[in-house]
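Good morning. I will go through one chain today, starting with how its parts are named and ending with its surface.

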Amino acid sequence: MLKKMGEAVARVARKVNETVESGSDTLELHLEGNFLHRLPNEVSTLRHLQAIDLSRNQFRDFPEQLTTLPALETINLEENNIVDVPVEKLAAMPALRSINLRFNPLSAEVRVIAPPLIKFDMLMSPEGARAPPP
């Protein structure tokens, strides 16, 4: 398990570094299925990032670095272990259009507080729903 985690972290660091160093207009970052539980700090430097896919990882906490990215439009955190979401910070994101939180054990508080505060699509599974088998 530790070896898989180390390999996943190395892949993520490589991908983030390539994105940052290339200076290209890479506007999407795909890090799905990498056993991640937190993001590298370098993600905060991706000021032009428009979409990030972090589905099928092991996040327990919402990666709050994402709330500082001004161009971010789409966040996919489907199939993680996130309970709490910084709804106020997400609501203040200027470009955010959609966040996918399906198949996360979201707290009842997030389910109640989020809808009236947000101006974007927030996808959530019914309470207690489980992800389909791979």
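Helices (H or I, at least four residues) and strands (E, at least two) are DSSP runs, numbered from the N terminus. What you see is a predicted model, in which local features need pLDDT of at least 70 and side-chain atom pairs count only at pLDDT 80 or more, while totals for chains, interfaces and linings use all residues. Residues are numbered from 1 along each chain as its sequence is written, and side-chain values use heavy atoms, with hydrogens and water left out.

The chain has 3 helices and 5 strands. Along the sequence they come in the order α-β-β-β-α-β-α-β.

Next, confidence. pLDDT is the predictor's confidence in each residue, from 0 to 100. The chain has a mean pLDDT of 86, with 80% of its residues at 70 or more. Where pLDDT is low, the predicted coordinates should not be read in detail.

Now the inside. A residue is buried when its relative accessible area is under 20%, exposed when over 50%, and partly exposed in between (1.4 Å probe, protein chains only). Of the 134 residues in the chain, 40% are buried.

A nonpolar core is a set of buried Ala, Val, Leu, Ile, Met, Phe, Trp, Tyr and Cys residues joined through side-chain atoms within 4.5 Å. The largest one here has 30 residues, and Leu 54, Leu 66, Ile 75, Val 85, Leu 90 and Met 122 have the most contacts inside it. Helix 2 and helix 3 each supply at least two residues of this core.

Contact means heavy atoms within 4.5 Å. What does Leu 54 touch, leaving aside its neighbours within four places in sequence? Its contacts include Leu 31, Phe 59, Leu 66 and Asn 80. Across the chain, of the contacts with a separation of 6 or more, 39% are between residues 24 or more positions apart.

On to charges. A salt bridge is a side-chain nitrogen of Lys or Arg within 4 Å of a carboxyl oxygen of Asp or Glu. How many salt bridges does this rule give? The count is 3.

In one of them, Glu 64 pairs with Lys 89, with the closest N and O atoms 2.6 Å apart. Glu 64 is in the loop between strand 2 (51-53) and strand 3 (74-76), and Lys 89 is in helix 2 (residues 87-91), 25 residues apart.

Arg 97 and Glu 73 also form a salt bridge, at 3.0 Å from N to O. Arg 97 is in the loop between helix 2 and strand 4 (98-100) and Glu 73 in the loop between strand 2 and strand 3, so the pair ties together parts 24 residues apart in sequence.

Glu 78 and Arg 102 form a salt bridge too, with the closest N and O atoms 3.8 Å apart. Glu 78 is in the loop between strand 3 and helix 2, and Arg 102 in the loop between strand 4 and helix 3, 24 residues apart. Is Glu 78 buried or partly exposed? Glu 78 counts as buried because its relative accessibility is 16%, while Arg 102, at 32%, is partly exposed.

Last, the surface. Accessible areas come from the Shrake-Rupley method with a 1.4 Å probe; for residues, only the protein chains shown count as cover. The chain exposes about 7,800 Å², and carbon and sulfur atoms supply 53% of it.

Patches are made of residues with over 30% relative accessible area and no salt bridge: like charges are joined within 9 Å, nonpolar side chains (Val, Leu, Ile, Met, Phe, Trp, Tyr) within 5 Å. Val 112, Ile 113 and Leu 117 make a nonpolar patch of about 260 Å². Ile 113 is in helix 3 (residues 108-117) and is partly exposed, at 31%.
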